[in-house]
Amino acid sequence: MNMTNEELAKKIIVNVGGEENVSSVYNCATRLRFILKDKSKFNIEELHNVKGIVGVVQANEESQVIIGPKVEEILREITKQYSGINDGESKNSSKQNEEKNIFAKMLDALIGIFAPLVPALAGAGMVKAVLAVMVLAGMSKETQNYYILNLISDSVYYFMPMLLAVSAAKRFRTNQYFALAIAGVLLHPNFTALVTEQTPTHFFSMPITLVNYASTAVPIILCVWFMSYVERFAEKVSPNIIKALLKPLLVLLITAPVSLIVIGPIGTWLGNILSGGINFLDGHAGWLVPTVLGATMPLLVSIGMHVSLTPLVQLSLASKGYETITGPAMLASNISQGGASLAVALKTKNKERRQLALSSGITALCGITEPALYGVTMPLKRPLIAVMISGGVAGLYAGITGVVRISFGSPGFPTLPVFITEDPKNLINALITMAIALVLSFVLTYILGFEDGQEELVDMKGNETDTEVTTKEIDSVVEGTVVPLEQSGDQTFASGVLGKGIAIVPNDNNFYAPVSGKVSMLYETGHAIGILTDDGVELLIHIGIDTVKLQGKYFDVKVKKNQNIKVGDLLVTIDKEKIESLGYSLTTPVIVLNSDKYLDVIETKETYVYPKEKLLTIIK
């Protein structure tokens with residue numbers, strides 16, 4: 001059973017060290033990116049085992065939890081449940097930032113600023129893709145329908161300084177509305193008119209460079225960074241009695257002119273240098289970037305560094321109307337992930353792996369590769385090698401033939417329209433790139449093979465299987481009626497988040513050890529006991545629902561923590577009548593906490609059991 005968003009949010013926060021350990025959190029297209037006060041509390045192993053989490057990565061200062069398309073829903077749930085956690089940058093991370101070198105700071109800042117914008121950029125890109133299809137289908141560019149759709153698709157890019165102002169303000173820990181005001185100055189229609197007319201303009205005899213800041217990225221980031229220091233200065237020098245008036249006055253009167261006269265032009269100059277570098281590569285080695293990135297994209301995605309290329313992509317789109325940096329490379333790499341995963345699905349004899357590989361392969365072909373990367377190709381290793389080879393070869397073809405992308409949108413079959421240009425060969429070459437990536441990755445994966453691991457049962461009816469399968473039986477802990485976990489009365493147990501198992505409604509006061517092993521956990525209240533068997537099975541016996549509130553009253557514990565026990569040993573004696581008279585349910589879940597390590601956990605088909613009768617069967 002899948003966890004609800006609420007349960008998944010709670011599980012994530014517990015395993016990042018709790019609310020108090022979170023300095024900040026924000027999301028990109030598929031992952032939550034945490035800045036934690038203490039990274040050692042980031043429980044990677046436990047998070048890997050949580051249903052609903054695709055992957056977990058520690059990349060520099062960011063602790064990343066890959067969710068997939070539901071990432072925004074989970075972030076909303078986190079900020080809803082934990083009022084102390086806000087999406088964006090927190091002052092608590094400043095000490096961590098100070099300890100990093102300048103390059104790491106700049107890279108982290110760029111990722112932090114651009115990652116939250118990816119969904120909006122992807123949305124605009126898809127609108128532009130739909131528009132391209134409609135034009136191919138016969139829509140005239142002279143119609144009002146085209147005009148409005150084009151306006152919608154271009155708005156995100158035109159007002160890029162506005163979006164970046166908010167994101168940069170969060171990153172630099174300054175007022176977002178001040179930042180928006182500065183972006184408004186750069187995009188104001190009156191200033192745009194001056195730029196269009198190229199009328200020489202001065203501010204108190206200081207010349208203003210007339211630059212069109214629409215669709216730009218670097219200038220507003222630098223302006224907001226400068227403004228963050230101005231705001232601190234204004235906060236410091238403004239007397240409390242007039243701070244509410246003087247502080248905003250100082251911020252705007254200092255930041256806006258300096259942005260127009262100095263910082264904006266410098267940012268434009270830097271952006272032109274980067275654009276020049278991109279143009280140089282396109283003109284002299286157009287094959288290089290798609291080839292290298294096509295091969296290495298899985299590695300970049302695995303640590304979340306692919307987002308750091310977004311500023312370059314934005315610069316290219318703004319200056320040329322198309323880009324050749326990540327679009328062709330990600331097209332090659334994404335389709336390669338899909339082809340390799342489909343090959344695994346065809347070749348594996350493990351039913352669960354086949355289902356995972358098939359679903360994640362289809363998802364990769366649609367442009368989202370994290371499920372395939374973390375669930376299939378990376379764990380199996382050799383398929384990842386096939387993906388990188390195929391991505392490099394397909395990227396080389398895309399580079400040689402000059403494939404371009406006209407808008408954002410994670411490359412895959414649904415976003416093929418972003419490769420539709422006035423030159424029909426561009427789409428044709430994009431399709432050939434996909435074909436090379438798909439076929440080559442599929443064939444290489446099938447030939448290279450992979451360690452399939454232990455194969456599963458063909459069925460659970462005793463039919464022979466291809467590998468030796470062992471079982472372990474777990475006895476009942478008490479006499480009583482058997483009920484599914486879903487009917488235990490506790491959502492945590494019912495959801496299966498703690499593991500597979502079953503529940504018993506007891507009809508006796510005595511609870512016995514269902515296996516031999518060691519008491520690994522024992523609550524003083526006696527309501528919960530953990531047992532670790534010699535072969536590594538972790539069991540939890542939870543007597544009753546909310547019985548912890550009794551503080552041990554009516555519970556007589558017969559064992560101690562770390563005590564060795566044998567199957568059938570008496571663990572706890574309770575006063576069933578008195579507990580139930582107080583309104584408590586004594587339904588007792590018996591959970592295999594590490595059930596994810598086994599092929600399956602099979603519940604008994606009996607409706608009533610006694611101690612020393614089989615309750616669960618673990619398939620190893």
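What follows is a short chat about ring pairs, charges over rings and salt bridges.

Q: Before we start, what kind of model is this?
A: It's a predicted model.

Q: How many aromatic pairs does the count come to?
A: The count comes to seven aromatic pairs. Take Trp225 and Tyr229: their ring centres are 5.5 Å apart and the planes meet at 75°, so this pair is edge-to-face. That label goes to planes over 60 degrees apart.

Q: Where do Trp225 and Tyr229 sit in helix α11?
A: They're four residues apart in that helix, which spans residues 218–237, so about one helical turn separates them. Trp225 is partly exposed, at 42% relative accessibility, and Tyr229 is partly exposed too, at 45%.

Q: Which charged end sits over the ring of Tyr229?
A: That's Arg232, with its charged end 4.8 Å from the ring centre. For another case, look at Tyr446: Lys347 lies over its face, 4.4 Å from the centre of the ring.

Q: Now salt bridges. What's the general idea?
A: Side chains of opposite charge can pair when their charged atoms come close. Here the count comes to 15 salt bridges. One of them joins Glu451 and Arg382, whose closest N and O atoms are 3.3 Å apart.

Q: Which parts does the Glu451 and Arg382 pair tie together?
A: Glu451 is in the loop between α19 (424–448) and β7 (471–475), while Arg382 belongs to helix α18 (residues 382–401), so the pair ties together parts 69 residues apart in sequence. Glu451 is exposed at 62% relative accessibility, whereas Arg382, at 32%, is partly exposed.

Q: Where are the partners Asp600 and Lys500?
A: Asp600 is in strand β18 and Lys500 in strand β9, 100 residues apart, so you're looking at a link between distant parts of the chain. Their salt bridge is 3.1 Å from N to O.

Q: How far apart are Glu580 and Lys576 in helix α21?
A: Four residues, or about one helical turn. They form a salt bridge with closest N and O atoms 3.2 Å apart. Is each one buried or partly exposed? Glu580 is partly exposed at 33%, but Lys576 is buried at 17%.

Q: Which residues do shared partners join into one network?
A: Salt bridges that share partners link Glu231, Glu235, Lys243 and Lys247 this way.

Technical notes. Residues are numbered from 1 along each chain as its sequence is written. This is a predicted model: local features need pLDDT of at least 70, side-chain atom pairs count only at pLDDT 80 or more; totals for chains, interfaces and linings use all residues. Side-chain values use heavy atoms; hydrogens and water are left out. Rings of Phe, Tyr and Trp (its six-membered ring) pair if their centres lie within 6.5 Å; planes under 30 degrees apart count as stacked, over 60 as edge-to-face and the rest as tilted. Helices (H or I, at least four residues) and strands (E, at least two) are DSSP runs, numbered from the N terminus. Buried means under 20% relative accessible area, exposed over 50%, partly exposed in between (1.4 Å probe, protein chains only). A charge sits over a ring if NZ of Lys or CZ of Arg is within 6 Å of the ring centre and within 35 degrees of the ring normal. A salt bridge is a side-chain nitrogen of Lys or Arg within 4 Å of a carboxyl oxygen of Asp or Glu.
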